[in-house]
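Please examine the structure shown below.

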Amino acid sequence: MGSYIIKFVNGNYRNKNAVDKVIRYIYKGAKKELALDERIYGAVGCGSADKKKVIRAFKKVKFVYGKTEGCQLKHIVISFGFKPDVSAKKIRRAVKDILRFFTHSEMPEGNFQVAYGIHYSREENYHLHLCINSVSNRGKCLNINGFERRRFENYVNEILDLKCSCTKGVSENN
């Protein structure tokens with residue numbers, strides 16, 4: 001598959017419609033840019049992969065815990081460059097394993113809802129978007145700085161090396 005870059009997007013996600021915008025963007029690109037059998041998108045921890053239901057689920061968790069202000073989400077992009085020469089099935093498995101970092105108690109704050117989608121732009125940029133709710137199922141805020149960030153990078157490196165034969169990536173802020 002080649003090498004990849006992990007990018008922690010530093011967008012201003014404090015506005016009330018940040019969740020709507022990012023999830024809509026992820027779903028739109030995933031549906032528009034790839035052939036039907038290559039499309040990889042959805043959500044974990046939301047009870048549905050339907051875009052509108054995912055948005056409602058993100059907002060509901062924030063409302064239940066009284067955390068509707070501040071940063072609404074974390075946005076991470078894993079960019080692979082050219083479209084990989086591995087099957088969509090292998091990529092799906094790798095994506096699901098990457099999501100486990102946030103959805104299966106890898107984080108000390110609890111499990112987080114995640115919306116995701118693979119995009120493939122004309123510039124030969126095949127990339128995975130992750131939109132992580134900033135509030136967990138235990139009402140804790142997501143903190144992915146320092147130690148947790150390096151842990152996530154190592155986790156992704158291990159999965160992509162094992163499942164897709166990728167070389168170790170670098171991390172950058174946007």
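## A salt bridge between loops

Glu-69 is exposed, with a relative accessible area of 60%; exposed means over 50%, buried under 20%, and partly exposed in between (1.4 Å probe, protein chains only). Its partner in a salt bridge is Lys-16, at 2.8 Å from N to O, where a salt bridge is a side-chain nitrogen of Lys or Arg within 4 Å of a carboxyl oxygen of Asp or Glu. Lys-16 is partly exposed, at 48%. The two residues are 53 apart: Lys-16 lies in the loop between E1 and helix H1 (18–32), and Glu-69 in the loop between helix H2 (51–64) and E3. Helices (H or I, at least four residues) and strands (E, at least two) are DSSP runs, numbered from the N terminus.

This is a predicted model, in which local features need pLDDT of at least 70 and side-chain atom pairs count only at pLDDT 80 or more, while totals for chains, interfaces and linings use all residues. Residues are numbered from 1 along each chain as its sequence is written, and side-chain values use heavy atoms, with hydrogens and water left out.

## Salt bridges within helix H4

The whole structure holds 4 salt bridges. One of them joins Arg-151 to Glu-148, with the closest N and O atoms 2.9 Å apart. These residues are separated by about one helical turn because they are 3 residues apart in helix H4. Arg-151 is partly exposed at 24%, whereas Glu-148 is buried at 11%.

Arg-149 and Glu-153 also meet in a salt bridge, at 3.5 Å from N to O. Both lie in helix H4, 4 residues apart, and both are buried.

## Aromatic pairs

Rings of Phe, Tyr and Trp (its six-membered ring) pair if their centres lie within 6.5 Å; planes under 30 degrees apart count as stacked, over 60 as edge-to-face and the rest as tilted. By this rule there are 9 aromatic pairs. Phe-101 and Phe-152 form an edge-to-face pair, because their ring centres are 5.2 Å apart and their planes stand at 65°. Phe-101 belongs to helix H3 (residues 88–103) and Phe-152 to helix H4 (residues 147–164), so the pair ties together parts 51 residues apart in sequence.

Phe-101 is buried, with a relative accessible area of 0%, and Phe-152 is buried, also with 0%. Ring pairs link Phe-8, Phe-101, Phe-102, Phe-152 and Tyr-155 into a cluster.

## The largest nonpolar core

A nonpolar core is a set of buried Ala, Val, Leu, Ile, Met, Phe, Trp, Tyr and Cys residues joined through side-chain atoms within 4.5 Å. The largest has 34 residues, and Ile-76, Ile-78, Phe-102, Leu-130 and Phe-152 have the most contacts inside it. H3 gives the largest share of this core, 7 residues.
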